[in-house]
Amino acid sequence: FSSVELPDVLGTGLFSMSEAEKHEKWLKEARFGEHTPETEEYGIGSFTYRASRPMLPHKFHSLLEGILSKSSSLFAQNDMHVLR
């Protein structure tokens, strides 16, 4: 899945734990109360549709055309195209 070979990035000796610990944002994500979830930070949302009757993809597509923002996308499992 990548064109970068593992030896090119692993074991290079370029990472320094002592240098990383000096950075002002060291462990910011791990400290309680300092993490902003990506859903809030970037306005990301999602949902799962479940029903006993199948959804008709063309009707759902029509419904979402007016709802999704320009940066939104939808990929349906049984529908091999992406709605943008």
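Predicted model: local features only at pLDDT ≥ 70, side-chain atom pairs only at ≥ 80, totals over all residues.

Colleague: Why is L10 called exposed?

Modeller: L10 has a relative accessibility of 55%. Exposed means over 50%, so L10 counts as exposed.

Colleague: And what makes V4, L6, V9 and L10 a patch?

Modeller: Together, V4, L6, V9 and L10 make a nonpolar surface patch of about 390 Å². Nonpolar side chains are joined within 5 Å, and each residue of a patch needs over 30% relative accessible area. For L10, the value is 55%, so L10 passes that cut-off.

Colleague: How do you know that K22 and E19 meet in a salt bridge?

Modeller: From N to O, their side chains are 3.1 Å apart. The cut-off is within 4 Å, so the pair counts as a salt bridge. The structure holds one salt bridge. In general, side chains of opposite charge can pair when their charged atoms come close.

Colleague: Are these two partners buried or exposed, and why?

Modeller: K22 has a relative accessible area of 61%, so K22 is exposed. E19 has 48%, so E19 is called partly exposed; that word covers values between 20% and 50%.

Colleague: How much of the protein chain is buried?

Modeller: Of its 84 residues, 6% count as buried. The chain has three helices and two strands, in the order α-α-α-β-β from the N terminus.

Conventions
Residues numbered from 1 in each chain as written. Heavy atoms only, no water. Helix = DSSP H or I, 4+ residues; strand = E, 2+ residues; numbered from the N terminus. Buried < 20%, exposed > 50% of the residue type's maximum accessible area, 1.4 Å probe, protein only. Patch = residues over 30% accessible without salt bridge, like charges linked within 9 Å, V, L, I, M, F, W, Y side chains within 5 Å. Areas by Shrake-Rupley, 256 points an atom, 1.4 Å probe, with all protein chains shown as cover.
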